[in-house]
Amino acid sequence: MVDQNDIVLPIIGLEIHVELDTQTKMFCRCRNRFGDPPNTNVCPVCIGMPGVLPVMNRRAVELSMKVGMALGCQVASVTKWDRKSYWYPDLPKNYQISQYDLPLSSNGLLEVPLADGATKAVRILRAHLEEDAGKNVHDLPSGTGVDLNRAGVPLLEIVSQPDMNSVEEAAAYARTMQRLVRWLGASLANMQMGHMRFEPNINLHITRGGKVHKTPIVEVKNLNSFRSLEGAVAWEIRRQYAAWQEDPEGFTIERQGKQNRGYDDATGQTVFQRGKEEAHDYRYFPDPDLVSVQPDQAWLQAIADSIGELPLARRQRYIDQYRLTFKEADALTQDAPTGDLLDAAVAAGADPKRCVNLMLSRGSAIANERGCSIAQIGLSPAPLAELAIMLHSGQVNATAAAKIFDLMLDGRQTPAAIAAEQGLLAVTEAGEVEAWVDAAIAANPQAAGDVREGGKKAKKAFGFLTGQVMQASRGAANPQQVQEILTRKLG
């Protein structure tokens, strides 16, 4: 129960672990791919056998720097690798190669759009590169097993400052980060494949009687969905406030410090795991087998040049330049290739709105069916532009365009060739259309009468007759022309 005199301010920071989209692991040549049979992508290096030496993945370093630059971070002129010591069943070498005091990137900022149209600025503390651990598999008939395919996969850990103050802000920040890393090609950021995991740090600053009380900081570990993130943060806000009300002097950060908790999706509650480790618990020390990274200016500039236009800037450009709605522009800037497809079709002479209608109707439906982006369904700029132009000029109607859209995805025929072969070109010859209209009126005297009387049934009857004409023409008639003739004959 909230005391109306209390001012409760949630303080939320977020650690986001992003698996990078590389062909191989961070320090060896094992394949980095989700879904392979367990323990098939494993070698002596990624499980730390004696005598082996790690070799760093240049592509992973470049992707990490790219994300850091896009976040406005300072990229370190010198960074090194450290061993973070701890033991888990899925980390057989007993340490993780990470970065401690010299992270690759630090001190950035992410502008996060909120649902109410405002923007939240969230500061980025650091973004360091490390290797992932393996995965415990608990649902085997024989018990728990360990899959080490993931051990050694490059992982970028992005740590925010505790700048978020609500469930909505934390979720918006996470979604904005997902869009950014996808846009940059740094990660697929597929939640179901574990490419992105969240660990929020949450506590409350409660003002009562002019005094500020701070509850213990809780870090909720390994959340792999936006729903879990929102549920865990919401639960912690409620739980911590209730616990503090029961013991205002004892349930404080000064008395209880920090702790790690897990989140149970089934109950929607967090559960205690352990007291939170501090840096000294991990006994960091420099990795003796890896040299430091010292990027030169030419390398940094090449990476900076590859970033291009960022998603929020492009969304605004689509609104300003293409006159798209916010919803349309937002849908087309979920990933860079989809936006690039639109830009290329427009550059080829198509009307932006026509392209967007095609992409967000059939394109989006097909993408949803296949579980991919619009850019990945097989659509190329030239045929998209051609179909949009045909639609805009009235050579085909919307129904025919949808059929052509599906058939042109295999790339074997142009939209014009498909339209001709399938008989989908619009019939605009007035006499032919008029004959269809006359036939529809003759076959449906009641509907025609309702239109002539102009009563409550007129609109519905007019639509019915239009549909009859379109059906008779097998979709070849121009709906606007049909309606003009119907209006003239029944008006």
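Modeller: In this predicted model, the largest cavity is lined by Phe-27, Cys-28, Val-45, Cys-46, Pro-54, Lys-93, Ile-97, Glu-131 and Gly-152. About 40 Å³ of space lies in this largest cavity.

Biologist: What makes a space a cavity and not a pocket?

Modeller: A space is called a cavity because a 1.4 Å probe fits there but cannot get out, whereas a pocket is an open set of points. With a limit of 30 Å³ or more, the count comes to one cavity.

Biologist: How do the lining residues of the largest cavity divide by class?

Modeller: Six are nonpolar, one is polar and two are charged.

Biologist: Let us turn to the second largest pocket. Which residues lie nearest its centre?

Modeller: Arg-182, Asp-335, Cys-372, Ser-373 and Gln-376 lie nearest the centre, out of 24 lining residues. The volume of the second largest pocket is about 760 Å³.

Biologist: Which helices supply at least two residues each to the lining of the second largest pocket?

Modeller: They are helix H2 (167–183), helix H8 (336–347) and helix H9 (352–370). H9 gives the most, with four residues. By class, the lining of the second largest pocket has nine nonpolar, twelve polar and three charged residues.

Biologist: What follows H9 in the chain, and how do you know whether Ile-374 is buried or exposed?

Modeller: Ile-374 is placed in the loop between H9 and helix H10 (381–393). The relative accessibility of Ile-374 is 9%, and the limit for buried is under 20%, so Ile-374 counts as buried. Apart from neighbours within four places in sequence, Ile-374 is in contact with Thr-338, Met-359, Leu-360, Gly-363, Ser-364 and Ala-367.

Biologist: How is Phe-405 classed, buried or exposed, and why?

Modeller: Phe-405 has a relative accessible area of 0%, which is under 20%, and therefore Phe-405 is buried. Phe-405 lies in helix H11 (residues 398–408). Not counting residues up to four places away in sequence, Phe-405 touches Leu-358, Arg-362, Gly-363, Ile-366, Ile-377, Leu-379 and Leu-387. Phe-405 and Leu-387 are 18 residues apart in sequence and 7.7 Å apart in space, C-alpha to C-alpha.

Biologist: Why are H13 and H14 called roughly perpendicular?

Modeller: Helix H13 (residues 430–443) and helix H14 (residues 445–453) pack at an angle of about 100 degrees, with their axes 5 Å apart. Angles of 65 to 115 degrees count as roughly perpendicular, and H13 and H14 therefore receive that description.

Biologist: Which residues make the contact between H13 and H14?

Modeller: Ile-441, Ala-442 and Ala-443 in H13 meet Pro-445, Ala-448 and Arg-452 in H14. By class, this contact has five nonpolar, no polar and one charged residues. Arg counts as charged, so Arg-452 belongs to the charged class.

Methods: Residues are numbered from 1 along each chain as its sequence is written. This is a predicted model: local features need pLDDT of at least 70, side-chain atom pairs count only at pLDDT 80 or more; totals for chains, interfaces and linings use all residues. Side-chain values use heavy atoms; hydrogens and water are left out. On a 1 Å grid over the protein atoms alone, a cavity is a set of points where a 1.4 Å probe fits but cannot get out, and a pocket is an open set with protein on both sides within 12 Å along at least five of seven lines; lining residues have an atom within 4 Å of a point. Grid points are joined across faces, edges and corners, and a volume is the space filled by probe spheres set on the points. Axes are lines fitted to C-alpha atoms, for helices over the stretch in contact, and angles run from 0 to 180 degrees between N-to-C directions. Angles under 35 degrees count as roughly parallel, over 145 as roughly antiparallel, 65 to 115 as roughly perpendicular and the rest as oblique. Contact means heavy atoms within 4.5 Å. Buried means under 20% relative accessible area, exposed over 50%, partly exposed in between (1.4 Å probe, protein chains only).
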